[in-house]
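The report below goes through one structure region by region, beginning with a single residue and moving on to helices, sheets and cores. Please read it alongside the sequence and the coordinates.

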Amino acid sequence: MLSLKERLTEILIHNKLITQKQLNQAIEVQKEKGGRLSDIIVALKFIKENDLILTLSEGLGFPLIDLKRFKIDHEIAKIIPVEVARHYQIIPISKMGNTVTLAMADPLNIFAIDHVKALTGYKINPIISSGQDILQTIELSYPDATGGIIDDLVKEMSITSLELIKEERGALPSDQELNQLSRQAPVIKITNMILEEAVKKKASDILIEPLDNKLRVRFRIDGILQEEQSPPKSMHPSLVSRVKVISDLNIAEHRLPQDGRFKAKILGKEVDFRVSILPSSLGEKVAIRILDKSTATLDIEKLGFSKDNISKLKKVSKLPHGMMLVCGPTGSGKTTTLYSLLKFVDSPYKNLVTVEDPVEYQLEGINQVTTRPEIGLTFASALRSILRQDPNIIMIGEIRDYETVDIAIKSALTGHLVFSTLHTTTSSGAIVRLINMGVEPYLINASLVCVVAQRLVRKICSYCKEQYQLKEEIARNLKLNLEENKKALFFRGKGCSNCFNLGYSGRIGIAEILLLTPTIRELVLSRAQEYVIKNKARLEGMKTLREEGLRAALEGETTIEEVVRVTAPDE
């Protein structure tokens, strides 16, 4: 029987998917560095992985499976040990009678098939899948897979290296020793594995924190921190140093905070990471923000807002001039909303410019400026230059001071449409905040057209979603009349392997939108208090954050508990 390498070359050349010259180049790389030829051909960008797998499936006559769309039972996965699954890039996906269907990156690998036959006693039915998808599915299907890898990698470290970082020495390792450690293969592998695991679980942040007796690694998944398998505390200095090295930070600085960023190709896609290192009493704490473009939902229709609120946003974003503010705490999705609006209004006939700190996602066709206060490039100074660039629409990452808001308002008054964010909890509170910053009420009325306050709530996992009966006591506390809403259905997630037993997967936005109607403008002019503006806006049809959250719960998108967690009763 021909090997996969021989059949692969035959199929690719026959179908004219790659040239003989490209094939020879890939074979030379394989001789030099090792690895599977198919992986090398994809890495050299001669062919896309999806096209390669599809061609192999057709050429070899093996069925093709997309593991991303397939749910694998943990009990089925346990048929073979995790070490064997990783070694051969295989995973069992189903069992019928005495036959196991095995997803394989190389379905012609007779050694793998014979090994599994000997281990299990079952007949093997091989099918083909992406090697990357198989490895990702292995990590999700074997609960203790990550911990085992970390233990193995720690054992790999030489005795000398471990001695360098032991605290029993009575002194911290030198910067030269740390630099040496951070470039060792086990440290690199553990750091990469933490990054890969975070991207795989769609985390937004990674926290690496030294505690008294251990090192704690946590991922923020859908806004909630989850503790992960952690390396021993003795590896903390080398892990921090590794992060500094890839972020191009000063490895010798341990007393002052440092900020940096880096890019890495994780699971076949390029991901941006923002790094913040903060000295603490127990050592340096590392916070890494993950900016994965592939998970960013920059579509106004998919933010989760109600149809009425989406209609309001679209109407405001089509105005020729004015200012719109998006409010909420850190991590409430303000920037995503602004990016979605920019994508909605973008056209070849408009000049769009943003000024941000920093630029989170590069948007094609839009001019984006990153502020650099250390050299004098602040929001205010950047805005002055932007106004000389003949913009139609300006996005300001955040309004932090009077100078910035003053230029933003003047921009709105001189025929520009301005989008920005402001740190307040409610939409009516934004108006009071502007007045407190020193903006005259008549200027607010002349420039501001809309204020959006928003939060993010976790979505119920679609795989384990179930209906339940809401207790009357909870309904009363939430002022829900179940008698009037007899058809009201409430849902929650039981927890499954697809949502890591959390019952939630992904997040959606809820928002209250305050439009500056003539009545609201009169209240602004009279410097009315926040609750007065809010009550008047509600009479005119504004739905509060709590009301929007309950609407999402009644529509089966989130849970009552989640709405109560992120919104206050008076919001």
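## Threonine 337 and its surroundings

Once neighbours within four places in sequence are set aside, threonine 337 is in contact with Leu303, Phe305, Val326 and Gln454. The residue belongs to helix H15, which covers residues 334-345, and in this predicted model threonine 337 has a relative accessible area of 1%, so it is classed as buried.

## Helix H23 and arginine 551

Helix H23 spans residues 545-554 and contains arginine 551. Because 8 of the 10 residues of H23 are buried, the helix is largely enclosed by the rest of the structure; the buried residues are Leu545, Arg546, Glu548, Gly549, Leu550, Arg551, Ala552 and Ala553. The elements that cover them include helix H14 (307-317), strand E15 (448-460), strand E18 (504-515) and helix H24 (560-566). Just after H23, glycine 556 adopts a positive phi of about 80°.

Is arginine 551 itself buried or exposed? Its relative accessibility is 17%, and since the cut-off for burial is under 20%, arginine 551 counts as buried. Its side chain makes a polar contact of 3.1 Å with the side chain of glutamate 548, a residue that is also listed among the buried residues of H23. Beyond its neighbours within four places in sequence, arginine 551 is in contact with Gly304, Phe305, Ser306 and Glu557; Phe305 is also one of the contacts of threonine 337.

Strand E11, residues 352-356, is mostly covered, with 5 of its 5 residues buried. In a regular strand the side chains alternate between the two faces of the sheet. For E11 both faces are covered, with Leu352, Thr354 and Glu356 buried on one side and Val353 and Val355 buried on the other.

E11 pairs in the parallel sense with strand E13 (residues 393-396) over 4 bridges, and 4 bridges also join E11 to strand E12 (residues 367-370), again running parallel. Valine 353 takes part in both pairings, standing opposite isoleucine 394 in E13 and opposite asparagine 367 in E12.

An open sheet is formed by 6 strands in the order E6-E5-E4-E9-E8-E7, with antiparallel pairing. Its edge strands are E6 (224-228) and E7 (258-266), each of which pairs on one side only, and the twist from one strand to the next averages 25°. Within this sheet, strand E4 (residues 203-210) is joined to strand E9 (residues 283-291) by 4 bridges, the two running antiparallel, and isoleucine 208 stands opposite valine 286 in E9. Helix H13 (residues 236-246) packs on the sheet and touches E4, strand E5 (215-221), E7, strand E8 (269-280) and E9, its direction making about 45° with that of E9.

Leucine 211 is found in the loop between E4 and E5 and, at 24% relative accessibility, counts as partly exposed. Leaving aside neighbours within four places in sequence, leucine 211 is in contact with Arg216, Lys233 and Leu282. Of these, lysine 233 is 22 residues away from leucine 211 in sequence, with a C-alpha to C-alpha separation of 8.3 Å.

## An aromatic pair between E7 and E8

The structure holds 1 aromatic pair. It consists of phenylalanine 262 and phenylalanine 273, whose ring centres lie 4.8 Å apart and whose planes are at 15°, so the pair is stacked. Phenylalanine 262 lies in strand E7 and phenylalanine 273 in strand E8, so the pair ties together parts that are 11 residues apart in sequence. Both phenylalanine 262 and phenylalanine 273 are buried.

## Nonpolar cores

In soluble globular proteins, nonpolar side chains tend to be buried together. Here the largest nonpolar core has 38 residues, and those with the most contacts inside it are Leu434 and Leu448. Apart from its neighbours within four places in sequence, leucine 448 is in contact with Met323, Leu325, Ile431, Leu434, Leu516 and Arg521. A second, separate core of 29 residues includes Leu215, Leu249, Phe273 and Val275; among these, phenylalanine 273 is also a member of the stacked pair with phenylalanine 262.

Note on methods
Residues are numbered from 1 along each chain as its sequence is written. This is a predicted model: local features need pLDDT of at least 70, side-chain atom pairs count only at pLDDT 80 or more; totals for chains, interfaces and linings use all residues. Side-chain values use heavy atoms; hydrogens and water are left out. A nonpolar core is a set of buried Ala, Val, Leu, Ile, Met, Phe, Trp, Tyr and Cys residues joined through side-chain atoms within 4.5 Å. Buried means under 20% relative accessible area, exposed over 50%, partly exposed in between (1.4 Å probe, protein chains only). Contact means heavy atoms within 4.5 Å. Two strands pair if DSSP finds at least two bridges between them. Axes are lines fitted to C-alpha atoms, for helices over the stretch in contact, and angles run from 0 to 180 degrees between N-to-C directions. A polar contact is a pair of N or O atoms within 3.5 Å; within protein, one must be able to donate a hydrogen and the other to accept it, and residues adjacent in sequence count only if both atoms are side-chain atoms. Rings of Phe, Tyr and Trp (its six-membered ring) pair if their centres lie within 6.5 Å; planes under 30 degrees apart count as stacked, over 60 as edge-to-face and the rest as tilted.
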